[in-house]
Amino acid sequence: MLKVQHFQVFSLFTLYLVSSFVAFLVGLFIDQGQFSTPVGSLLGGVATLLLIYPAYKVTLARPHQFIAQYGHQLVGKVPHLIFMYIIIIVALILATSNLRELADFLILVYLSGTPEWVIVGTFGLCIVYAIRSGIPTIFRAAQGIFIISIGAFLIFPVLVKREVEYNRLPAMFTHLNLHQVLAGAFNMTTLFGAFSFLFLVIPYLQSPEKTYRTLLSTTLTSLIIIMAHLIPILLIFGPDLASNLTYPDLELIRSMRAGSFIETLDPVLMILWLICLYVKISFILYIAVICLTHITGMTDPRPLCLPSTAFCCILSIYFARSQPELNQFMIGGLPPLLFSVEFLIPTVYWISHLVRKDPSYSKGPPN
Amino acid sequence: MIMIGLTFALIMLLEWYIMRKQRKEPRSIRIVLIISLCFLILLEVQYVFQYRYNIPLALKLCSDYFRGWIPGN
């Protein structure tokens, strides 16, 4: 089996977290957190590292097996099936909502007049190709685009520094509100909680016992890049305007007056978001497919790739009636669901593992 | 509605053909077809109720229902 290296894990998750936040979530997070969003985000990122500990410990007990295969020995057959179906449903919903966000963005900004099914269908074909090739391919794709993407993500805030209104900076310390900090932290925790999906495919990792270190460095890097975008957005637009903009980062780039050559950088931004979201959606869909494969007792996940991707693509067209409804879902309905899947379900497995701990939990390969 | 059915019919035929060609066991073929059929039914239901009920709305109704259980609400 082709193994996933730690740098590939670092690449995929950095792109996953940064692209989601910068592309679609920054305005929604600012709406809830106002000037407390940076502090809440930092707190949420750090809290995630503590909250994913149960998922890490329970999967590290048998690093050569998928938890979908042996989870019934920990919690019982029926609860395990229920948990797995919840994970599959949430992964499918997450992929669908991201696909919908992407299609909305393309239709609104660049491909106005193009039918939604064309955009979704084309993107779906690429996703099917990636997930049929297996998880090492998805991670390798992330590694391939990592340096350019991160370079671009880091250079954009530097280019807009002339527009920054530094007299707003003290508000980030003087306008701190506990309720808003906690709201920001909770939202960020559910975003960073995507790390726990990695533990569902732990046999693919090269040295699973070192995963926590990789996740620590991923969290730090992602937080630095997120802050590099979040703080300029808050300082240039202020919380009220930023929360009313659908794509604040895009407006940030458009506000730049650096010269005629790099004045219109938004197509570059679109390419960046597209490739990062391609990797993200492929990974989430692969998680749904691999869990579905294991609980149905199949050995090969490939036959399920096309039906699952088609399901997500078609569902994304009818997923929400309008952009405000989708935004409401992304900030209201989705975070509690994600919190349950990313932290509560692994905690139940971990507690059962601690209670039922017996010598048969060997670290050797499966029989 | 017809296009969704047609798309899934094509997908199911394609998967069935590929799996037959690869001499996969009948159980695996059955599972893939059943899962595809479930996806198709879910999509048709979602299509029919797209203006009255969708996933964001259903989740909101659920959360409102559970919030009603909390004392003080």
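Begin with chain A and chain B shown together: the area buried between the two chains is about 2,400 Å², and carbon and sulfur atoms give 75% of that area. The model is predicted. Within chain A, select Phe311(A), Tyr318(A) and Arg321(A), which lose the most area to chain B and together account for 26% of what that side buries. The contact draws 24 residues from chain A and 28 residues from chain B.

**The interface by element**

Next, search for polar atoms across the boundary. Six residue pairs are in polar contact there. On the side of chain A that touches chain B, α6 (77-110), α15 (302-318) and α16 (323-355) each supply at least two residues.

**Two salt bridges between the chains**

Two salt bridges are counted between chain A and chain B. For one of them, select Arg132(A) and Glu15(B), whose side chains meet at 3.3 Å, N to O. This pair runs from helix α7 (residues 116-133) of chain A to helix α1 of chain B. Is Glu15(B) buried or exposed? Glu15(B) counts as buried because its relative accessibility is 2%, whereas Arg132(A) is partly exposed at 27%. Display the surroundings of Glu15(B): beyond residues up to four places away in sequence, this residue touches Arg132(A), Pro303(A), Leu306(A), Pro307(A) and Val32(B).

Now move to Lys24(B) and Asp300(A), whose side chains form a salt bridge at 2.8 Å, N to O. Asp300(A) also meets the side chain of Arg302(A) in a salt bridge, at 3.2 Å, N to O. Of these residues, Asp300(A) is buried, with a relative accessible area of 14%, while Arg302(A) is partly exposed at 36%. Lys24(B) lies in the loop between α1 and α2 of chain B, and Asp300(A) in the loop between α14 (266-295) and α15 of chain A, so this pair joins two chains. Lys24(B) is partly exposed, with a relative accessible area of 23%. A further selection is Arg100(A), Asp104(A) and Glu116(A), which salt bridges with shared partners join into one network. Over all chains, the count comes to six salt bridges.

**Two loop residues with positive phi**

Most residues other than glycine have a negative phi. Select Arg23(B), where phi is positive, near 55°. Arg23(B) sits in the loop between α1 (2-21) and α2 (26-48) of chain B, and it counts as exposed at 75% relative accessibility. In chain A, go to Gln34(A), with a positive phi near 50°. The place of Gln34(A) is the loop between α1 (6-33) and α2 (37-51) of chain A.

**The annotated segment of chain B**

Highlight residues 30-49 of chain B, which an unreviewed UniProt entry lists as "transmembrane region". Over this stretch the chain is 95% helix and 0% strand, and its end C-alpha atoms are 29 Å apart.

Notes. Residues numbered from 1 in each chain as written. Chains lettered and ligands numbered in written order. Predicted model: local features only at pLDDT ≥ 70, side-chain atom pairs only at ≥ 80, totals over all residues. Heavy atoms only, no water. UniProt positions renumbered as here; feature names shortened; annotations may be inferred. Helix = DSSP H or I, 4+ residues; strand = E, 2+ residues; numbered from the N terminus. Buried < 20%, exposed > 50% of the residue type's maximum accessible area, 1.4 Å probe, protein only. Contact = heavy atoms within 4.5 Å. Buried area = accessible area lost by both parts, 1.4 Å probe. Salt bridge = Lys/Arg side-chain N within 4 Å of Asp/Glu carboxyl O. Polar contact = N/O pair within 3.5 Å; in protein donor to acceptor, adjacent residues only side chain to side chain.
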